[in-house]
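Dear colleague,

Please find the structure below, together with its sequence.

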Amino acid sequence: MRRGVAILLVVLAGGVARAAPSLKRGVCAQHLSAEDFRALAPGVSWWYNWALTPDAEVPAGGPEFVPMLWGDSQGFWKRLDRSLAALPRLILGLNEPNLKAQANLTPQDAARAYARLAKAAARRGIPVVGPQLALGSAPADTVHARDPKSGRDIAYPWMVPYLEAFSAALPGGKPTALAVHVYGNVGELKWAVGELAKRSAGPIWVTEFNEWKAADEDAQIAYMKEAVAFLEASPDVAGYAWFMARIKDDRTRSLLAAEPGRLTRLGETYVGLPAGKPASPRTP
């Protein structure tokens with residue numbers, strides 16, 4: 001039985017029935033300990049580390065690892081088959097290809113890489129979620145390419161024109177599931193999900209989010225409660241991941257304190273928030 005099904009069961013802990021964690025709720029994480037995963041497990045069902053293989057041992061009952069093909073380089077493709085052989089419930093593809101400092105791909109190159117990944121994953125029945133789009137950035141930091149709509153060489157400071165050019169180059173016209181990274185307020189989060197939902201053949205994933213400019217821990221907690229309530233309730237959203245599990249000396253974004261297995265107030269909030277709908281009806 002895959003863990004995606006198993007965690008729907010009720011877990012007995014100390015003789016008291018405890019609801020399983022939200023199937024949607026995940027976390028961005030790197031180099032965690034077994035104690036860290038145990039602390040997150042009551043409320044977090046999956047995690048990823050921007051790589052094709054986990055960088056930590058997860059104890060039994062811990063969150064499920066989801067791999068990512070970060071970019072279009074030979075090294076990533078060589079490691080892909082081993083990752084797919086583990087039969088993850090899905091694979092994430094292409095980390096912020098619209099940014100020069102990340103996967104750095106033109107829409108056309110991203111479409112070719114996505115199609116190649118989808119073909120490889122389909123042989124094992126594994127859905128692809130991606131690309132993981134940055135909401136936007138300064139023109140100097142974004143990919144420049146010839147835009148099929150305007151016929152001009154342009155920068156892509158916002159994700160929507162990039163996505164439209166990507167889809168125009170993609171066989172079939174629409175990706176099966178899209179993902180976005182959002183660091184603004186809840187209104188921006190809702191806008192981003194809505195824009196992607198119009199342009200995807202399947203559900204939306206929010207694979208990085210927090211309110212980056214939150215004034216303090218209390219403000220971040222207020223944002224988290226509102227954002228998670230929206231993400232859990234939205235039928236368009238199949239999954240989301242908080243950025244991130246541990247950030248050194250950062251009380252406004254980190255779910256884990258410096259000590260192994262100890263949650264911050266923010267982490268206690270994230271783990272304890274109620275689950276909504278189990279998953280999108282279009283979940284990969």
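**Backbone geometry**

Asn-104 has 41% relative accessibility, so this residue counts as partly exposed. Please note that the model is a predicted one. The position of Asn-104 is in the loop that joins strand 7 (91-93) to helix 4 (107-122). Although Asn-104 is not a glycine, its phi is positive, at about 55°.

As background, most residues other than glycine have a negative phi, and most peptide bonds are trans. The remaining findings concern one further positive phi angle and two cis peptide bonds.

Trp-50, likewise not a glycine, has a positive phi of about 65°. This tryptophan sits in the loop between strand 4 (44-48) and strand 5 (64-65). Is Trp-50 buried or exposed? Its relative accessibility is 14%, and because buried means under 20%, Trp-50 counts as buried.

Turning to the peptide bonds, the one from Gly-130 to Pro-131 is cis, with omega near 0°. Pro-131 is placed in the loop that runs between strand 8 (128-129) and strand 9 (132-134).

A cis peptide bond is also found from Phe-243 to Met-244, where omega is near -5°. Met-244 belongs to the loop between strand 14 (237-242) and helix 8 (265-272).

With kind regards

Terms used. Residues numbered from 1 in each chain as written. Predicted model: local features only at pLDDT ≥ 70, side-chain atom pairs only at ≥ 80, totals over all residues. Heavy atoms only, no water. Helix = DSSP H or I, 4+ residues; strand = E, 2+ residues; numbered from the N terminus. Buried < 20%, exposed > 50% of the residue type's maximum accessible area, 1.4 Å probe, protein only.
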